[in-house]
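Visitor: Could you take me through the aromatic rings in this model, with the cut-offs spelled out as you go?

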Amino acid sequence: MLPRPIRLRMMGALARAEQREIGGVLMARQIEPGIFEIVDFSVDEVSGERAHFVRDHDYHNKFLEAFFEKTGRDYETYNYVGEWHSHPRLPILPSITDLESMEGLVNGERDIPFAVLLIVRSDVPSEFIATSTFHQRGAAPTPVQIRAEN
């Protein structure tokens, strides 16, 4: 689930970034097994370029620490659920680089069994379009339904 306040914050960041890719990490509340509500996200508005984004690990690690402190380290309910970034004026489908990055994340050394990749675009102030893929250790990526909450 992608609540309206989260979408509006992302849209503001996208407007400030203009033609640069931006992104960060997605934090969620588990509503029930397999269903998550995005409750916060980090945004690195300086590292992106026209068609490339790699998040700054130090910046996002500080965000993660503050998030876990704020949620009382209740990892069963509130936790990291994935990554997001923008594709300004480009298709909102994961690139080969995006897919390889997510595969490295879930099949890598970080002990993350799954993660979602959310790709967003907002070319005009009232627009917000997104796609999402689910990445799980040892499995091919699959599309994920995004339910927007008004």
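Visitor: Which residue lies over the face of phenylalanine 41, and at what distance from the ring centre?

Guide: Happy to! This is a predicted model, so local features need pLDDT of at least 70 and side-chain atom pairs count only at pLDDT 80 or more, while totals for chains, interfaces and linings use all residues. Residues are numbered from 1 along each chain as its sequence is written, and side-chain values use heavy atoms, with hydrogens and water left out.

The residue over phenylalanine 41 is arginine 9, at 4.1 Å from the ring centre; a charge sits over a ring if NZ of Lys or CZ of Arg is within 6 Å of the ring centre and within 35 degrees of the ring normal.

Now for the ring pairs: the structure holds 6 aromatic pairs. Rings of Phe, Tyr and Trp (its six-membered ring) pair if their centres lie within 6.5 Å, with planes under 30 degrees apart counted as stacked, over 60 as edge-to-face and the rest as tilted. One of them joins phenylalanine 41 to tryptophan 84, edge-to-face, at 5.5 Å centre to centre and 85° between the planes. Because phenylalanine 41 lies in strand 3 (residues 35-41) and tryptophan 84 in strand 4 (residues 78-86), this pair ties together parts that are 43 residues apart in sequence. Strands (E, at least two residues) are DSSP runs, numbered from the N terminus. Phenylalanine 41 is buried at 2% relative accessibility, and tryptophan 84 is buried at 1%; buried means under 20% relative accessible area, exposed over 50%, partly exposed in between (1.4 Å probe, protein chains only).

Phenylalanine 68 and tyrosine 75 also pair edge-to-face, at 5.0 Å and 70°. Here phenylalanine 68 is buried at 13%, whereas tyrosine 75 is partly exposed at 41%.

Methods: Helices (H or I, at least four residues) and strands (E, at least two) are DSSP runs, numbered from the N terminus.
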